[in-house]
Amino acid sequence: MRIKDILSGDGYSVSFEVFPPRRDAPMEPVLDAVKELAGEKPSFISVTYGAGGGANANTVALAEHVQNACGVPALAHLTCLGSTREKIAAEIQALRRAGIENVLCLRGDAPDGGAGGRDFAHAADLVRSLRPSSFCLGGACYPECHPECEHIESDIGYLKAKVDAGLDFLTTQMFFDNNVYFRYLARLRNAGITIPVIAGIMPVTNGRQISRICRLSGTVLPPRFRAIVDRFGDDPAAMLSAGVAYATEQIVDLFADGVKAVHVYTMNKPDVARRIMANLKGILNG
Ligand code: FAD
């Protein structure tokens, strides 16, 4: 099923994200985790793609598992920086053979040493090359500005060009203050970007990692959440409870304010997904 059709439906959309194992790691534990995640009945599951533009058979294999073994629509991420037209064509062929209909078009980050092909400079180039196909295409966007861009206005200007190249929907980088999302959405609509913007929610279960991730991605931890991380960050069980509660509250608040689609960065953790879906049960079944 195409994600744009899911998003145009009446109900709420709650999707999950998983990542494939490293090439030298076994696939089975991830396949099992994905099966459990699928049991929570997300609207779709997205599968990340290793940076660097190299062929990533595990993304296709995992997306195929999501869709064909677990019966949940899959969204395959695909990065283009450092890749070539030939490699991208091979990835697309593999996705098509697996029956995948949705691709998240990403630039990715520069491979080590900047090596690799130079056919693509930005995600918009990938969108342009895939648009003639029948794939449903998504892209990434950054409510707190992409870390390489000096100003949010220029970032939104480039985003508009990416959307106009043929995107069907956007998914945001994680944010921890819903006002950031609402202000950003208003700016996108003012800039003439009218496609759905799925809100990206990260349930934080590891207090130590989150400060580093936020520093790299330019995401701000609001004082209320910073206090939670400071208080519970060193206690995994407490951080799990607090992180799930905070993410649930964000989602409920987004739904209450009219947002219809959230993407939960579940990262191969069925336990986290289960707790969040249990918290949302009355809303999703209503
Ligand atoms: P782009 O849209 O190309 O933007 C990148 C930067 O270039 C921005 O600063 C933008 O303002 C600027 N820019 C765009 N066009 C132009 C132009 N014409 N001239 C000058 N500047 C321009 N990474 C992975 O490796 N694998 C994944 O699976 C993955 N999944 C992700 C999923 C989501 C929802 C998000 C938000 C990010 C994901 N990433 C992933 C990270 C992503 O690859 C990085 O954030 C990367 O730095 C930017 O990718 P992009 O597709 O947003 O790039």
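The side chain of S133 makes a polar contact with the backbone oxygen of L130, at 2.5 Å. By polar contact I mean a pair of N or O atoms within 3.5 Å; within protein, one must be able to donate a hydrogen and the other to accept it, and residues adjacent in sequence count only if both atoms are side-chain atoms. The S133 side chain also reaches the backbone nitrogen of F135, at 3.4 Å. S133 itself belongs to the loop between α5 (123-130) and β5 (136-141). Helices (H or I, at least four residues) and strands (E, at least two) are DSSP runs, numbered from the N terminus.

A word on the source: this is a predicted model, in which local features need pLDDT of at least 70 and side-chain atom pairs count only at pLDDT 80 or more, while totals for chains, interfaces and linings use all residues. Residues are numbered from 1 along each chain as its sequence is written, and side-chain values use heavy atoms, with hydrogens and water left out.

Let us turn to the barrel. Eight strands, in the order β1-β2-β3-β4-β5-β6-β7-β8, form a closed barrel with parallel pairing; two strands pair if DSSP finds at least two bridges between them. From one strand to the next, the twist averages 30 degrees. Angles run from 0 to 180 degrees between N-to-C directions, and axes are lines fitted to C-alpha atoms, for helices over the stretch in contact. Strands β7 (residues 197-201) and β8 (residues 261-264) are joined in the parallel sense by three bridges, and I201 stands opposite V264 in β8.

What lies across β1, β7 and β8? That is helix α10 (residues 236-256), which runs at about 160 degrees to β7. Helix α11 (residues 270-284) packs on the sheet as well, touching β1 and β8, at about 170 degrees to the direction of β1; contact means heavy atoms within 4.5 Å.

The two helices α10 and α11 pack at about 35 degrees, with their axes 10 Å apart. Their contact includes L240, V244 and F255 of α10 and R275, I276 and L284 of α11.

Finally, the ligand. It is surrounded by 22 residues, the closest being Y49, D109, Y142, D155 and K162; a residue counts if one of its heavy atoms lies within 4 Å. For R107, a backbone N or O atom lies 2.8 Å from a ligand oxygen atom.
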